[in-house]
Amino acid sequence: MRKIKIFISALLMAAMSVSVVSCGSSDNKKKSGKELDQAVRDEIRNNAMKSDLLSGELENKKIKWLSDWDINVDGTGKNVPTELAVFQERYGGEVEYYQTTYETRYDDLAQYISSGEGIDFFYAGNFDAFPKGAIRGMFAPVDDYIDFSSPLWTDIKATNDYFIWNDKHYMVSVEVTGDNVAVVYNKKTIEEAGFEDPKALYDTGRWDWDTFSDMLVNFCDPDNQRYGIDGWWFEFGLISTTGKTAVGLENGKLVNNLSTPEIERVENFLYSLYENNLVAIGAGDFGWETKPSFIGEGKTLFYPVGLYEFYSEKEQWAAKYGEDVFFVPMPKDPDADEYYISSGLNSYMFVNGGQNPEGVAKFLECKRFTLLDEGTKQIGDKQFREDFGWSDEMIDMKNELLRLSEENPVFDISKGISDDCGELLDSSMRSAARGTPWNETYEEINAVVDKYIDEINEN
């Protein structure tokens, strides 16, 4: 069984205020997007119909999805997602999209629950829905609809079993993902600076904090518009490489990890990045906004960010990052026992008051099917080449990130525990990279975090 480590650190949960507007059904969305070739649809249907992994029929074929992104085709240039095509072809299913924003999605969800609209499911991969949403009654248990011991779910059962509240499953994890955060860079910039390509360093086991910081030191010169690390992801990306984050979950109880050697080590490393003027945000005339275009222009060396930035047509991501862009995992902590990176989950919650939990269960089974059925999986892989313009090298590296996450996952779910604790840790764990020594931050927050943890554990 895979070694699963669940750890918790923090990101700030945004304020929620604006109302949601429904975008209507997926039929309307499909008219404005790309459609699958009929031959591909036929292949998907044949694969789904002949497989023993999918069974039964759906009486109610529509499921209602509230999110800041659409499962159906959209403006990113993607084709019909393979799992949606399976849902359509096998069950005649339809996903009706209710549009919201990232900042207002919880307020909007609460309004829809109160009005009896019957929203069926909600994305949990941002790690802010569990367990908070279960405690507040926004989400419902899924055990009556999904059998995690069945062949479709057995290889992800251990992960799902970690997200149990009051002996019930609330969060349905379809897969572990490795695309949470990667180091984005420009190959041409690396070559012109006389550095060895980070991919070559990774392939030969030499991509770690030491080589990462050495390259930054030799590149950075803010006075001449040569910047080091841009973005808001690198602090927690580096923290995860230790295998620990601020708060951990052990034997069903939260534990405070702030005093561990791992956290102290990485926070001191973050402080050294600041001391050496290697953090772009706030340096020289860079300002306090991210500038991803500086990667393509050769002005910034590294931009750690989620790979979702590249899940669009090539002309979109290339215009932002340049033609010579590539990515590698976050550098390894040289003192860690394994190669850890921040892991994600493709996961969902069943909304309390949803009208079609059976339909959501079938849709999630279709997502599992696309991962297990080899012929259907190959159809999905083609999207990265044909729709997103990825090279084979990019696909191979994405798969390598997935391998690292599956072998030694580090899950970061603090946003789903406490708003106040999450806000405190989000700002505090970043402060070393902004010039505050870790010992000062530790003395200020440790007892407060203990209090938050004790309150949650008592309940």
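This report walks through the salt bridges, nonpolar cores and aromatic contacts of the structure above.

The model is predicted, so to speak of local features a pLDDT of at least 70 is needed, side-chain atom pairs count only at pLDDT 80 or more, and totals for chains, interfaces and linings use all residues. Residues are numbered from 1 along each chain as its sequence is written, and side-chain values use heavy atoms, with hydrogens and water left out.

**Salt bridges**

Let us start with charges. The structure holds 23 salt bridges, each a side-chain nitrogen of Lys or Arg within 4 Å of a carboxyl oxygen of Asp or Glu. Three of them are tabulated here, with helices taken as DSSP runs (H or I, at least four residues; strands are E, at least two) numbered from the N terminus.

| Pair | N to O distance | Location |
|---|---|---|
| K157 and D161 | 2.7 Å | both in helix α6 (residues 157-162) |
| K199 and D203 | 2.7 Å | both in helix α8 (residues 198-203) |
| R430 and E235 | 3.0 Å | helix α17 (residues 419-430) and helix α10 (residues 234-240) |

K157 and D161 are four residues apart, about one turn of the helix. K157 is partly exposed at 30% relative accessible area, and D161 is partly exposed at 29%; the class lies between buried (under 20%) and exposed (over 50%), using a 1.4 Å probe and protein chains only. R430 and E235, in contrast, are 195 residues apart and link distant parts of the chain. Both R430 and E235 are buried, and they join D426 and R434 in a network of salt bridges.

**Cores and rings**

Now to the nonpolar side. A nonpolar core is a set of buried Ala, Val, Leu, Ile, Met, Phe, Trp, Tyr and Cys residues joined through side-chain atoms within 4.5 Å. The largest has 67 residues, and W207, F302 and W390 have the most contacts inside it. A second, separate core of 60 residues includes A85, Y106, I156 and C366.

There are 40 aromatic pairs, counted when ring centres of Phe, Tyr and Trp (its six-membered ring) lie within 6.5 Å; planes under 30 degrees apart are stacked, over 60 edge-to-face, and the rest tilted. W207 and F302 are edge-to-face, at 5.9 Å centre to centre and 75° between the planes. Because W207 lies in the loop between α8 and α9 (209-219) and F302 in strand β14 (residues 300-305), this pair ties together parts that are 95 residues apart in sequence. Both W207 and F302 are buried.
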